[in-house]
Amino acid sequence: MAFMEKLPAGKVLLDDTVPLTAAIEASQSLQSHTIVRRYSDFDLLNNSLQIAGLSLPLPPKKLIGNMDREFIAERQKGLQNYLNVITTNHILSNCELVKKFLDPNNYSANYTEIALQHVSMFFRSEPKWEVVEPLKDIGWRIRKKYFLMKIKNQPKERLVLSWADLGPDKYLSDKDFQCLIKLLPSCLHPYIYRVTFATANESSALLIRMFNEKGTLKDLIYKAKPKDPFLKKYCNPKKVQGLELQQIKTYGRQVLEVLKFLHDKGFPYGHLHASNVMLDGDTCRLLDLENSLLGLPSFYRSYFSQFRKINTLESVDVHCFGHLLYEMTYGRPPDSVPVDSFPPAPSMAVVAVLESTLSCEACKNGMPTVSRLLQMPLFSDVLLTTSEKPQFKIPTKLKEALRIAKECIEKRLIEEQKQIHQHRRLTRAQSHHGSEEERKRRKILARKKSKRSAVENNEEHSAKYSNSNNSAGSGASSPLTSPSSPTPPSTAVEHAPF
């Protein structure tokens, strides 16, 4: 089939969830990792980010006196603050606009055009499908694009086509990858959103699902329209309100049930968040099982990569479930993780689950299992009524391939966590070494060492002088000599780093 033709290579499998940082420098050096930006570039970025509805601290324009030294220093400080705000905002830092601004070398491609090339190739051999319109920027992934579809002989039905590029965690062979993608339509589970059609080539995958007018669980929480851009929908919600307790209990139980099903099947997931949970009436259905096969990094990776005890995909799912439960409860994501204290909740049973997945102790000591969460009071009394029997038959050979791929994904995570841990230790050591208190301590030690050296030198000189006098008094033939001047004490000087 035409879609299976391999497009020209040349892509870099970057982890787009790695946070980027930027520092304003006074120089205009064009060395590596140095990007020259004018104020107009910041202004264009800021205008594009207005869709998020946030008040971003971009310094105002100035036409007169903009070359004064004091103004340039103040402007530099203001632009640095602006960069700090957008790079520490979880949603903004992951969006394509910010990535291209901070790292144009790695994010210069037109990802929509690439997606259209692949989709067009697919339609050469599948003429029954027709594109209605592109669903621009409805998701957060830079390399995943969506199109509203219809079947030509069923024009009233609406479907969604998603196309996604490979990610850095793709460890399956091309053959196993394509086989597993094509298995996804056979997966039947009351809490998994059905895949209508799926195919893949060596570099990407294409899936079609029914379009749901109600949208995702995140759309329900944020009172958002499914077709709106991700930044507009979720970056700054106008009304923050959590769900009712019974909704929290029911939706939470349904999500845990499907996670347990996938874990029992040995199918790696790792991509749980509110936008990947479709609402179908009063039922939650999980989306995007293909993400782990494609090797795509998780939405919450920058959070759990900080904690070395969250090092399996099962523990990743549980930690991400904590984020989901927090959002369902309070109508917004947590300000930071780990969470030191939780606001009042509809039930203490909710707080108990949140503490087991998002607290300092949980992140330090490890996550509970999905089975343990199902036994907790918040979910143990939820009655699920469904007659649909789960089905997902994975051949033994592919199960083994999934197991190996899962281990590779976890190994990369562990290596990343190790590097982050080592960097933290080094940063703490450097910060401590350069602190004012530490500099004072080193100066005091230097003075004490200097005084000890002086005392030791004086004692040594006194001993030599005494021995010389004793020798002269006993009739020694050596002539009397005047004592030499005492040797000045040596001074230890240590330069504190700045």
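This is a predicted model: local features need pLDDT of at least 70, side-chain atom pairs count only at pLDDT 80 or more; totals for chains, interfaces and linings use all residues.
Me: Hi! Which residues touch the most other members in the largest nonpolar core?
Reply: Leu49, Leu217, Leu272 and Phe321 do, in a core of 103 residues. Helix H12 (residues 313-330) gives the largest share, with nine residues.

Me: And where does this core lie relative to domain 1 and domain 2?
Reply: Between them: domain 1 (14-108) and domain 2 (111-424) both give residues to the core, so it lies between the two.

Me: What does Leu49 touch?
Reply: Setting aside residues up to four places away in sequence, Leu49 touches Leu56, Tyr82, Ile86, Leu92, Cys95, Leu97, Val98 and Leu231. Another core, of 14 residues, lies apart from the largest one, and its members include Trp129, Phe147, Leu159 and Ile208.

Me: What comes just after H12?
Reply: Gly331, which takes a positive phi of about 80°. Further on, in the loop between H12 and H13, is Pro338. A cis peptide bond joins Val337 to Pro338, with omega about 5°. For background, most peptide bonds are trans.

Me: New topic: the open sheet. What is the strand order?
Reply: The order is S1-S2-S3-S5-S4, five strands with antiparallel pairing. Strand S1 (129-134) and strand S4 (197-200) stand at the edges with a single partner strand each, so one side of each has no neighbour in the sheet. From one strand to the next, the twist averages 25°.

Me: How many bridges pair S2 with S3?
Reply: Seven, between strand S2 (residues 144-151) and strand S3 (residues 154-165), in the antiparallel sense. Phe147 has Leu161 in S3 as its bridge partner, and a hairpin of two residues joins S2 to S3.

Me: What about S5, which strands does it pair with?
Reply: S3 is joined to strand S5 (residues 204-210) by seven bridges, running antiparallel. There, Ser162 has Leu207 as its bridge partner in S5. S4 and S5 also pair in the antiparallel sense, over four bridges, and Ala200 stands opposite Ala205 in S5.

Me: Which helix lies across S4 and S5?
Reply: Helix H6 (residues 174-183), which runs at about 175° to S4.

Me: What about S6 and S7, how do they pair?
Reply: Strand S6 (residues 277-280) and strand S7 (residues 283-286) pair in the antiparallel sense over four bridges. Leu279 has Cys284 in S7 as its bridge partner. The two strands form a hairpin with two residues between them, and Gly281 in the turn has a positive phi of about 70°.

Me: Which residues other than glycine have a positive phi?
Reply: Asp137 is one of them, with phi near 60°, and Lys223 is another, at about 55°. In general, most residues other than glycine have a negative phi.

Me: Where do Asp137 and Lys223 sit?
Reply: Asp137 is in the loop between S1 and S2, while Lys223 is in the loop between helix H7 (217-222) and helix H8 (230-234). Asp137 is partly exposed at 38% relative accessible area. Lys223 counts as exposed at 54%.

Me: And Asn94, buried or exposed?
Reply: Asn94 is buried, because its relative accessible area is 6% and the cut-off for buried is under 20%. Asn94 lies in the loop between helix H3 (90-93) and helix H4 (96-102). Beyond neighbours within four places in sequence, its contacts are Asp16, Thr17, Lys99, Trp140 and Ile142.

Me: Last one: what is Glu355 in contact with?
Reply: Phe342 and Ala362, leaving aside neighbours within four places in sequence. Glu355 is found in helix H13 (residues 348-358) and is partly exposed, with a relative accessible area of 42%. The C-alpha atoms of Glu355 and Gly322 are separated by 8.5 Å, with the two residues 33 residues apart along the chain.

Methods: Residues are numbered from 1 along each chain as its sequence is written. Side-chain values use heavy atoms; hydrogens and water are left out. A nonpolar core is a set of buried Ala, Val, Leu, Ile, Met, Phe, Trp, Tyr and Cys residues joined through side-chain atoms within 4.5 Å. Buried means under 20% relative accessible area, exposed over 50%, partly exposed in between (1.4 Å probe, protein chains only). Domain bounds come from an automatic or database domain assignment. Contact means heavy atoms within 4.5 Å. Two strands pair if DSSP finds at least two bridges between them. Axes are lines fitted to C-alpha atoms, for helices over the stretch in contact, and angles run from 0 to 180 degrees between N-to-C directions.
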